[in-house]
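Hi,

Here is the structure I promised to send over.

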Amino acid sequence: MARIYQRIEDVPPRKRALLGTAVAAVGLLAAGLILREPAKLKVPLEIGLAACAVFGFAGAAIGLYGRVSPRVYLGLIVAVLAAMTAVPLWIAFFQEPLACAVNVPALAGETPCRVAFGLGGAIGVMVTALAVSGLFRGPPAS
């Protein structure tokens, strides 16, 4: 039976490295597929690659946990958060008109969709800002 770990510290370093490599490989594979046929992408290339980068940075953070300084690790977490925030912000503010819709009769239309993604993006910006501020504070707790 597979063991369920409650904290990343409990996962053996070898398993963390393997999981991190697998997660990063998903991002690299997706980026490769996007770059192979970018014309089929329904978002700007940068947004598609930002979505792929989430997996790359997350994989690096998982695999390198405990092997790099806490500040480098927090930098990887900031990169994950920033990449995760780019997508909803693009949907809220830059996506083509009428491309964002909600299938709830009481909330029909483009505005509720953009508001929802805008709120998600705003939360992402705040969380990312908190993580960035942690990079510039005193020595992070190990």
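Helix 2 and helix 3 are roughly antiparallel to each other, because their angle falls in the class over 145 degrees. This is a predicted model, so to speak: local features need pLDDT of at least 70, side-chain atom pairs count only at pLDDT 80 or more, and totals for chains, interfaces and linings use all residues. Residues are numbered from 1 along each chain as its sequence is written, and side-chain values use heavy atoms, with hydrogens and water left out.

Back to that pair: the axes of helix 2 and helix 3 (residues 70–93) cross at roughly 155° and come within 8 Å. Axes here are lines fitted to C-alpha atoms, for helices over the stretch in contact, with angles from 0 to 180 degrees between N-to-C directions. Helices are DSSP runs (H or I, at least four residues), numbered from the N terminus.

Helix 1 (residues 13–36) packs on helix 2 (residues 45–64) at about 165°, with the axes 6 Å apart. That makes helix 1 roughly antiparallel to helix 2. The residues in contact include Arg16, Gly20 and Gly27 of helix 1 and Gly48, Cys52 and Gly56 of helix 2. By class, there are 15 nonpolar, six polar and one charged residues in this contact.

Cheers

How values were computed:
Helices (H or I, at least four residues) and strands (E, at least two) are DSSP runs, numbered from the N terminus. Angles under 35 degrees count as roughly parallel, over 145 as roughly antiparallel, 65 to 115 as roughly perpendicular and the rest as oblique. Contact means heavy atoms within 4.5 Å. Ala, Val, Leu, Ile, Met, Phe, Trp, Tyr, Cys and Pro count as nonpolar, Asp, Glu, Lys and Arg as charged, and the others, Gly among them, as polar.
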